[in-house]
Amino acid sequence: TKRTPHKPVLLRGARQVGKSSAVRHLAGQFKYFIEINFEKEPSAKNLFMSDIDVRQLCENLSAVYNLPVIEGETLLFLDEIQDCQDAIRYLRYFYEEMPGLHVVAAGSLLEFALAELPTFAVGRIRSLFMYPFSFYEFLGAVGNQQLQNIISKKNDLEPLSDIVHNKLLQYYRIFLLIGGMPEVVNVWLETQSLKLVEEAKKAFYDSYMEEFAAIDDKALRHKVIEVYSSVGRQLLKENKKFMYGEVRITARAREYNDAVEWLIVNKYVSKVNRVKEPVSPLEDNSDVKSIELFLSDLGILTYMYDFGYDDIDIAFKTRNEYLDAMIEQFVEGELLFNNNIGTIYYWVSEATAKINFLFEDEGNVVPVEINLSDNTKAQSIKVYRERYNPRMYMRVTMDKFMMDSDCIKLPVFSVWNI
């Protein structure tokens, strides 16, 4: 309503993750909608360059776009706002001078634009990060709310029926191939064509490469491309610790740290730190020099591997290193998107024992082991349990739900519901 104050929302995330589409969908709830894309409409920057108050600015916007700007009735969308620092500065004043106006801004590479401002509107703007679809959201997008509900409402660990379990695994295989980028998912929904899905994934990958190639600093530009291109290879290793020598034989951390940080800050990759000891608080035991890197979207990973559906099928049958990489990428993403879980970490012993992920739950450290076939990887959790005696641990598996002593076995498709 007009009297209810609303902080402007700043949507952040990698390009083409669905920010603009989400806002346009939201616009259906408003009487008037003004969208300004500063990348496509650079002349619009002039509207924000004058030193005028917010109400005068809105009058000018109304005149230019021939739509009223009314608190409670108009949604103002400032897209690609990283291209207009003056518009970023105005966000705080919308809240102070017209708190009843709904304003959403979105952009990519925003961290660098914000860093150039001497101050930012702390407490006056609400930042939200957008990510690709989780598996739960994918099920909703393909119209299977029944499967969504079966998992989300499941508070016990009774196994699902064979038919439901296998149906979820079938969708899961498709998700491994397609990934969670809304546009790619939409191509699948509209065409059911894996060939067109691959073309859409290629377009995403190419757009990322074009964005990297546009980085002004030539040295940074080449390093960003090298680091990003190495992530898929590094995930194929049994030890998935990010190694600079895998980027380039002579590479050193001090040379490439800026490229890694650039990719992390702009949400093209995410970072998981090792913990020296899995003791709460995990942050105090973090080893900042030992990290694993994951891509922002599973579909980009399968594109890097040149995987089709037949390759996914072979990976499931042989349980090869490609399946290990895809599953670990998937689980990391599901944990990252889960609002009930804070920062995630991983743990390795002095030898070869490894726990894929750990998180904290009310002061308790919860280990998450990925073990698709109850094979020798079980030795890792054995070492961990003997050393740290956790109250419980989670095992991600292809099998059905099960509670076994202090172990909760979770089907891989249900990780989002931890």
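Where does P281 lie? P281 is in the loop between strand 6 (269–275) and strand 7 (286–295), and the peptide bond that reaches it from S280 is cis, with omega near -5°. Strands here are DSSP runs of E with at least two residues, helices are runs of H or I with at least four residues, and both are numbered from the N terminus.

Colleagues, a word on the basis of these values. This is a predicted model, in which local features need pLDDT of at least 70 and side-chain atom pairs count only at pLDDT 80 or more, while totals for chains, interfaces and linings use all residues. Residues are numbered from 1 along each chain as its sequence is written, and side-chain values use heavy atoms, with hydrogens and water left out.

I turn to two residues with positive phi. E80, in the loop between strand 3 (74–79) and helix 4 (85–97), has phi near 50° and is not a glycine. S405, in the loop between strand 12 (402–404) and strand 13 (407–411), has a phi of about 60° and is likewise not a glycine. Are they buried or exposed? E80 is buried, with a relative accessible area of 10%, whereas S405 is exposed at 65% relative accessibility. Buried means under 20% relative accessible area, exposed over 50%, and partly exposed in between, with a 1.4 Å probe and protein chains only.

Next, the nonpolar cores. By this term I mean a set of buried Ala, Val, Leu, Ile, Met, Phe, Trp, Tyr and Cys residues joined through side-chain atoms within 4.5 Å. The largest has 88 residues, and F135, Y228 and M326 have the most contacts inside it. Helix 8 (residues 162–178) gives the most to this core, with 10 residues. A second, separate core of 27 residues includes F38, L78, A87 and I125.

How far apart are the end C-alpha atoms of helix 11? They are 27 Å apart, in agreement with the 26 Å that its 18 residues (218–235) should span; the expected span is 1.5 Å times one less than the number of residues.

Finally, the cysteines. The structure holds 0 disulfides, a disulfide being a pair of cysteine sulfur atoms within 2.5 Å. For C84, the nearest cysteine sulfur is that of C58, 14 Å away. C84 is buried at 3% relative accessible area, and C407 is buried at 2%.
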